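Student: Could we go through this structure together? I would like to ask about one part at a time.
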Amino acid sequence: MNRENINIAFLLIGLVLLQIVVLNNINFLGYINPFLYIIFIFLFPIKKIDSSLILLSFFLGLAIDIFSNTGGINAFATLFIAYVRIPVLKSILGKREIDYSITSLFKLPFFRLFLYVVILTFIHHFIVFGLEYLKWSNFGLILLKTFLTSIFTIILIMISFTFISRKR
Amino acid sequence: MQQIISFLYKNKFFILFLLLELLALTFTIQSHSYHKSKFVNSANFVTGGIYNKINNFKEFLLLKKENKRLSEENVYLRNVLGIHEKSLLKFDSIITDTVNYSQIYQFTSAKVINNSYRKNNNYLTINKGSDNGLESDLGVINSKGIIGITKSVSKNYATVLSILNVNSRVNVKLLNSNHFGSLSWDNANYSTVQLLDLPIQASIYIGDTVITGGKSTIFPEGIPVGTIKDFKTKNNTYDFINITLFNDMSSIGFVQIINNLDKLEIKELEEKTSNE
């Protein structure tokens with residue numbers, strides 16, 4: 001157990017508690033509850049995909065699911081963005097290969113960091129609401145919810161980033 | 001063979017990813033079907049315990065509302081008692097033969113420790129479980145009306161399928177005529193539910209009261225549901241009927257769980273009849 005692992009464990013537990021105790025009860029404008037917990041996928045050190053991120057993101061999503069009675073929706077979506085985050089980052093940076101030893105989240109140019117957050121958040125929220133309704137007739141509603149909730153989540157994630165990066 | 005193994009080894013993360021996604025999808029599909037979500041629900045030791053802690057804080061905020069509801073219920077019950085007393089006075093003596101009475105419904109009180117009402121499929125979590133004699137498929141009500149049906153039950157906690165759930169179907173009828181229909185929810189508004197399958201012969205008016213039908217063994221007859229808000233007829237059938245609930249589903253404190261003691265007998269009898 002080195003320091004990084006302990007930090008990650010605390011981050012996981014803290015995010016689950018924050019999500020279920022506070023964020024799932026916000027109901028802004030009636031139904032908007034931000035999914036801040038996916039910040040875990042961004043804060044996880046940028047490195048080649050391995051089983052630790054796959055398993056952790058799956059269990060993070062499953063924990064949220066168990067608390068909010070949503071089956072496996074969050075687990076599915078969180079695992080999906082955990083798997084595609086490196087390919088997405090590669091295409092945003094326009095590089096074929098990333099030098100993992102020098103790339104870190106807060107060294108990214110602001111616009112690219114923002115784009116990275118926006119793309120992954122949209123994918124995650126679209127999967128969550130798509131699976132929740134599971135019907136094409138609700139496509140408009142799914143898009144609307146995805147859009148509104150994403151805005152809220154992205155704002156929260158970017159605010160958290162400024163706090164975390166200042167600390168370091 | 002070696003090639004297959006090396007192929008699997010090269011793509012091991014992708015295979016792990018696929019397997020876990022498949023698992024998540026299975027949980028999702030299970031939760032959409034009515035009675036199958038066995039693993040992923042908030043009726044277990046950890047989640048129930050945490051929700052219980054959170055609820056202890058929240059309860060203070062709800063006390064005022066809850067007290068008001070209780071006092072209203074008290075007034076109602078006193079009124080009912082008053083009616084009985086008067087009818088008792090007509091006779092100067094009564095013989096109460098307890099053999100003639102039998103208890104059909106047993107009520108258990110519980111506290112709601114988690115409540116969702118903004119989603120497509122809403123559930124509540126309550127702080128009583130199999131240790132208190134609860135099982136799945138029991139009706140849940142409070143003094144204002146119906147709330148839902150128990151779904152998963154653990155030792156000390158249970159989840160309740162709210163009437164605000166797309167999968168929920170409850171047998172209801174009109175108070176003033178014995179026409180039956182079923183209650184469902186279209187996921188638009190948490191204070192409005194829909195009445196389906198009501199025959200056109202039933203003449204309804206805005207403001208009519210809807211109560212539970214008592215056709216199933218889950219709810220006894222006559223639990224209040226709500227009043228008719230608006231409706232539309234089309235091709236000589238009811239196109240839609242909206243019902244305003246008596247209950248405010250966004251703030252629910254204490255509930256009662258109804259256990260029909262004759263349930264087993266009725267079920268057995270019905271099975272026997274359908275097998276013949």
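Student: Which domains is chain B divided into?
Tutor: This is a predicted model. In the domain assignment, chain B consists of domain 1, residues 2–32, and domain 2, residues 41–260.

Student: What separation do the centres of domain 1 and domain 2 of chain B have?
Tutor: Taken over C-alpha atoms, the two centres of chain B's domains are 43 Å apart.

Student: What about strands in chain B: in which sense do E6 and E7 pair?
Tutor: Strand E6(B), residues 170–174, and strand E7(B), residues 180–184, pair in the antiparallel sense, with 4 bridges between them.

Student: Changing topic, how many helices and strands does chain A have?
Tutor: Chain A has 6 helices and 0 strands. Its pattern along the sequence is therefore written α-α-α-α-α-α.

Student: Why does the radius of gyration of chain A agree with a compact globule?
Tutor: A compact globule of 168 residues would have a radius of gyration near 15 Å, and chain A has 16 Å, so the two agree. Along its principal axes, the C-alpha trace of chain A spans about 45 × 35 × 30 Å.

Student: What percentage of the residues of chain A count as buried?
Tutor: Of its 168 residues, 35% count as buried. As for contacts in chain A with a separation of 6 or more, 65% are between residues 24 or more positions apart.

Student: How many residues of chain A are in contact with chain B?
Tutor: There are 26 residues of chain A in contact with 26 residues of chain B. On the chain A side, the elements that give two or more residues are helices H3 (51–68), H4 (73–93) and H5 (110–133). The largest share, 7 residues, comes from H3(A).

Student: What kinds of residues make up that side of chain A?
Tutor: They divide into 16 nonpolar, 7 polar and 3 charged residues.

Terms used. Residues are numbered from 1 along each chain as its sequence is written. Chains are lettered from A and ligands numbered from 1 in the order in which they are written. This is a predicted model: local features need pLDDT of at least 70, side-chain atom pairs count only at pLDDT 80 or more; totals for chains, interfaces and linings use all residues. Two strands pair if DSSP finds at least two bridges between them. Two residues are in contact if their C-beta atoms, placed from the backbone, lie within 7 Å. Ala, Val, Leu, Ile, Met, Phe, Trp, Tyr, Cys and Pro count as nonpolar, Asp, Glu, Lys and Arg as charged, and the others, Gly among them, as polar. Domain bounds come from an automatic or database domain assignment. The radius of gyration is taken over C-alpha atoms; the globule rule is 2.2 Å times the number of residues to the power 0.38. A residue is buried if 20 or more other C-beta atoms lie within 10 Å of its own, exposed if 12 or fewer, and partly exposed in between; C-beta atoms are placed from the backbone.
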